[in-house]
Structures are given as C-alpha cells and as structure tokens.
Amino acid sequence: MRVPVVAANWKMHKTAAESAAFIEAIRATSEDVGDREIVIAPAFPALQAAVEAARGTRIQISAQDLHWEARGAYTGEVSADMLTAIGCSHVIIGHSERREYFGETDGTVHLKILAALEAGLTPIVCVGETLDQREAGNTGVVLREQFTAGMGALSPEQFGKLVLAYEPIWAIGTGRTATPDIADEAHSALRSMAAARFGDSAAEALRILYGGSVKPGNFAGLLEREGIDGGLVGGASLDPESYAALLCA
C-alpha cells in the first residue's frame, strides 16, 4: 500500500525562527496522523533550524533544490552532501518555477536526481504542462518528454526511490485547481509510463503527488482518487492551521 505524502513547499517564505515556530505549532497534529508521510521544504537559510525543530517527530525536512555537482565553483549553489549533513531527507527537483525562472531543463533534472540518490536523499521530481500546452492537447506529450528525459535512464532500483509530483503549471498559485478527473487522468498517464519503462510493480509502488492550488477544501476530494498519493502544497502550507487540516484531510 502506498503511504500518502503531504509535502509543504514554502518557497521564499519564513525565516529560521518562523520555520521552527511553525513546526512546533503542528507537532501535536503530526503525531496524531499516523497514515501520512509529512515533509516540509523551507528555504535554504531555515533548513538547519527546521531540522532541529523537527527532531524527535515524524516530520521530515526537504530542500527546495540542489546542484548536481558535489563541489566546485558554483556561487550560490548547494550540494546534496551539504543537505544530508544538516539532516535533510528529501529534495524537490524540477519545480516549474525553477524551470521558468532559472533555466532548469529535463537534462539538469536528471543530473540532480542522480546526485540526490547518490547522497541518500529522496527526490520529489516535478512534472507538468502549461496552459497553452494543455489547451493544444499536448499534455501527454509534455509529460512523456519530461518523464523520459528526466527519469527514463534511471535503473529500476533508482526509480523506486523517488516520488513524482504532477503540477500543472496553469494551476500553481493561480487559484485554479485541476479537477480530480483531470489530475487522475495525468497521474494514470504517468503511472502507465512508469509501467512501460520500469515494470508493473514499480509503477504500482510509485507515489505520485498532485500540486497546484491545493487547499483544505479540495484536498480530500483529490485523495479519494486511487492514483493520487498526496500533495505538494504551496500557499496553503504556510499557515499551521491550514497545513494541519491538510494532514487530517
């Protein structure tokens, strides 16, 4: 049985102190929810404080990005080993904002996945289409390109260690959420791609999260679909009460 993941992506929000206070505020709820995997991704400067605040709880801490090299002259970048050294367990890779604003490509997504796995981090790999691509009927083509270039060259063992996140770009931060039918259709397509490349068992074990204007009011309906294994949540994860409601949805 696939354990659902409720992952919070805080993006460029919350100081170290604010991050620690948030984790303290949801500590009790996180212990009461035994059937969910809880992952929080603060900004880089708050990671250490978040790890310390989460110590002794079920809350796991993720970074929002990493570089594919272990070290070198890459000003402003952070390596996988740096993340594991402070206690991170996960890392988000290929988020649409990284692709749009910072030149992330399917090729660099692949390199980052390899770096994360080598260091023992769990990659949360993001894929998704723009509104123009969806309206042109190219959602399946785009997802296949991202899946194949980003993950197709992995070994079955490597693939089995990652989490996939379907984030339709047209729904991120817009208030527009893919209906359960739309999300389920995309998740089904991605699971079929996984089956074709890595086998039925790998596809069945793969956890695929939905991201894009997830909030307490729509999360339960999404989770009712068999192919949706949790959420990668942005704005609704910034408030402790809202995030606690998501954990209990």
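Predicted model: local features only at pLDDT ≥ 70, side-chain atom pairs only at ≥ 80, totals over all residues.
Visitor: Which residues of α11 are buried?

Guide: The terms come first. A residue is buried under 20% relative accessible area, exposed over 50%, and partly exposed in between (1.4 Å probe, protein chains only). Helices (H or I, at least four residues) and strands (E, at least two) are DSSP runs, numbered from the N terminus. In α11, Asn218, Phe219, Leu222 and Leu223 are buried. These residues lie on the same side of α11, because the arc they cover around the axis is only 135°; such an arc is taken over the directions from the helix axis to the C-beta atoms.

Visitor: Which residues of α9 are buried?

Guide: An α-helix has 3.6 residues a turn, so residues three or four places apart point the same way. In α9, the buried set consists of Ala183, Ala186, His187, Leu190, Arg191, Met193, Ala194 and Phe198. Their arc around the axis is only 155°, which puts them on the same side of α9. The face turned away from that buried side carries Asp181, Glu185 and Ala196, which are exposed.

Visitor: How many Å should α9 span?

Guide: The expected span is 1.5 Å times one less than the number of residues in the helix. With 19 residues, α9 should therefore span 27 Å, and its end C-alpha atoms are 26 Å apart, which agrees. After α9 comes Gly199, with a positive phi near 105°.

Visitor: Which residues have the most contacts inside the largest nonpolar core?

Guide: In soluble globular proteins, nonpolar side chains tend to be buried together. A nonpolar core is a set of buried Ala, Val, Leu, Ile, Met, Phe, Trp, Tyr and Cys residues joined through side-chain atoms within 4.5 Å. The largest one here has 64 residues, and Ile40, Ile61, Met151, Phe159 and Tyr243 have the most contacts inside it. Helix α9 (residues 180–198) gives the most to this core, with 6 residues. There is also a second, separate core of 11 residues, which includes Ala7, Val39, Ala41 and Ala165.

Visitor: Is Leu209 buried or exposed?

Guide: Leu209 has a relative accessible area of 0%, so it is buried. Leu209 belongs to strand β7 (residues 208–210). Beyond residues up to four places away in sequence, Leu209 touches, among others, Val5, Ala7, Ala165, His187 and Leu232.

Visitor: How many disulfides does the count come to?

Guide: A disulfide is a covalent bond between the sulfur atoms of two cysteines. The rule asks for a pair of cysteine sulfur atoms within 2.5 Å. By this rule the count is 0. Cys126 is thus in no disulfide: the nearest cysteine sulfur, that of Cys88, lies 16 Å away. Cys126 is buried, at 2% relative accessible area, whereas Cys248 counts as exposed at 54%.

Visitor: With which side chain does Arg207 make a polar contact?

Guide: A polar contact is a pair of N or O atoms within 3.5 Å; within protein, one must be able to donate a hydrogen and the other to accept it, and residues adjacent in sequence count only if both atoms are side-chain atoms. The side chain of Arg207 makes one with the side chain of Glu37, at 2.8 Å. Arg207 sits in the loop between α10 (200–205) and β7, and at 18% relative accessibility it counts as buried. In the case of His95, the side chain reaches the backbone nitrogen of Glu97 at 3.0 Å. His95 occupies the loop between β4 (90–93) and α4 (96–102) and is buried at 3%.

Visitor: What is phi in Lys11?

Guide: Most residues other than glycine have a negative phi, and most peptide bonds are trans. Lys11 is not a glycine, yet its phi is positive, about 50°. Lys11 lies in the loop between β1 (5–9) and α1 (16–32) and is partly exposed, at 22%. Ser213 also has a positive phi, near 55°. Ser213 is in the loop between β7 and α11 (216–223) and counts as buried at 17% relative accessibility.

Key
Residues numbered from 1 in each chain as written. Heavy atoms only, no water. Contact = heavy atoms within 4.5 Å.
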